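Let's take a walk through this one, starting with the overall picture and ending at a couple of individual residues.

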Amino acid sequence: MTLQDLQPGESGKILEFESSVRSERLMEMGMLPGVIVKVVRFAPLGDPIDLRVQGYHLSIRRDQAAKIHVSKCES
């Protein structure tokens, strides 16, 4: 499952990044393997995705989210 597969209100634990995503930049912003990420909402046209990561909001594009593998967390 990838981050883009989660719906607003759902959370997932980051497992890994595909090699084609700029994981260094995302990791600098707190998106590390093992971190729980919550999908807050999608923009009106579906892109970008608003996330809650380690106590702050972060927006990323859907194509980036499609390259971040997560395991869904039960709320």
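Of the chain's 75 residues, 33% count as buried, meaning under 20% relative accessible area with a 1.4 Å probe and protein chains only (over 50% is exposed, in between is partly exposed). This is a predicted model, where local features need pLDDT of at least 70, side-chain atom pairs count only at pLDDT 80 or more, and totals for chains, interfaces and linings use all residues. Residues are numbered from 1 along each chain as its sequence is written, and side-chain values use heavy atoms, with hydrogens and water left out.

Now for the layout. The chain has 2 helices and 5 strands, running β-α-β-β-β-α-β along the sequence; these are DSSP runs numbered from the N terminus, with helices being H or I of at least four residues and strands E of at least two. Among contacts (heavy atoms within 4.5 Å) between residues at least 6 apart in sequence, 57% join residues at least 24 apart. The C-alpha trace spans about 30 × 25 × 25 Å along its principal axes.

Thr2 counts as buried because its relative accessibility is 11%. What is Thr2 in contact with, leaving aside its neighbours within four places in sequence? The partners are Ala65, Ala66, Ile68, His69 and Val70.

Last stop: Arg62 lies over the face of Phe42, at 4.9 Å from the ring centre. For a charge to sit over a ring, NZ of Lys or CZ of Arg has to be within 6 Å of the ring centre and within 35 degrees of the ring normal.
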